[in-house]
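Please consult the sequence and the structure as you read.

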Amino acid sequence: QVQLVESGGGSVQAGGSLRLSCAPSGYTYSTNCMGWFRQAPGKEREGVAAIYPAARATYYTDSVKGRFTISRDNAKNTVYLQMNSLKPEDTAMYYCADSPQHCWVGGSWSKQEIYNYWGQGTQVTVSS
């Protein structure tokens, strides 16, 4: 059974850092597109970042560029989201997701319909 398990969320003050981890089980994602999404209360889920190792490509939403870094560790079969200079507006439930194809589809990397598997989420809370 395929599962994605996120960890690393928590509560921090503005300006702090957190590193989220996503560890798939039941398969090896080495050629898949992996994405991080987030959903704040009362808002739609939005793409945060994605990585497509086969093309050495990474993608970020504008609001996190320069602050967040997505990466992967093949040996540990884990994808990370390093989040620095956190802001209160980063507060949300963060989800990782897996797609069996290139992230970039139809002019976007964050089309949620291309992601087949989703984790349960990890909460990130940033206080001012």
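Q: What makes residues such as Arg38 and Glu46 part of the lining of the largest pocket?
A: A pocket is an open set of points on a 1 Å grid over the protein atoms alone, where a 1.4 Å probe fits and protein lies on both sides within 12 Å along at least five of seven lines; a lining residue has an atom within 4 Å of a point. The residues that line the largest pocket are Arg38, Gln39, Ala40, Pro41, Lys43, Glu44, Glu46, Pro88, Glu89, Thr91 and Ala92. The model is predicted: local features need pLDDT of at least 70 and side-chain atom pairs pLDDT 80 or more, while totals for chains, interfaces and linings use all residues. Residues are numbered from 1 along each chain as its sequence is written, and side-chain values use heavy atoms, leaving out hydrogens and water.

Q: How do you know whether arginine 38 is buried or exposed?
A: Buried means under 20% relative accessible area, exposed over 50%, and partly exposed in between, with a 1.4 Å probe and protein chains only. Arginine 38 has 5% relative accessibility and therefore counts as buried. Glutamate 46, at 34%, counts as partly exposed.

Q: What does the salt bridge between aspartate 90 and arginine 38 tie together?
A: The side chains of aspartate 90 and arginine 38 meet at 3.0 Å, N to O. Aspartate 90 lies in the loop between β8 (78–83) and β9 (92–99), and arginine 38 in strand β4 (residues 33–39), so the pair ties together parts 52 residues apart in sequence. Strands are DSSP runs of E, at least two residues long, numbered from the N terminus. Both aspartate 90 and arginine 38 are buried. Salt bridges that share partners join Arg38, Glu46, Arg67 and Asp90 into one network.

Q: Why is aspartate 62 called exposed?
A: Its relative accessibility is 60%, and aspartate 62 therefore counts as exposed. Aspartate 62 also forms a salt bridge with lysine 65, the closest N and O atoms being 3.0 Å apart.

Q: Why is serine 85 called partly exposed?
A: Serine 85 has a relative accessible area of 40%, and therefore counts as partly exposed.

Note on methods. A salt bridge is a side-chain nitrogen of Lys or Arg within 4 Å of a carboxyl oxygen of Asp or Glu. Helices (H or I, at least four residues) and strands (E, at least two) are DSSP runs, numbered from the N terminus.
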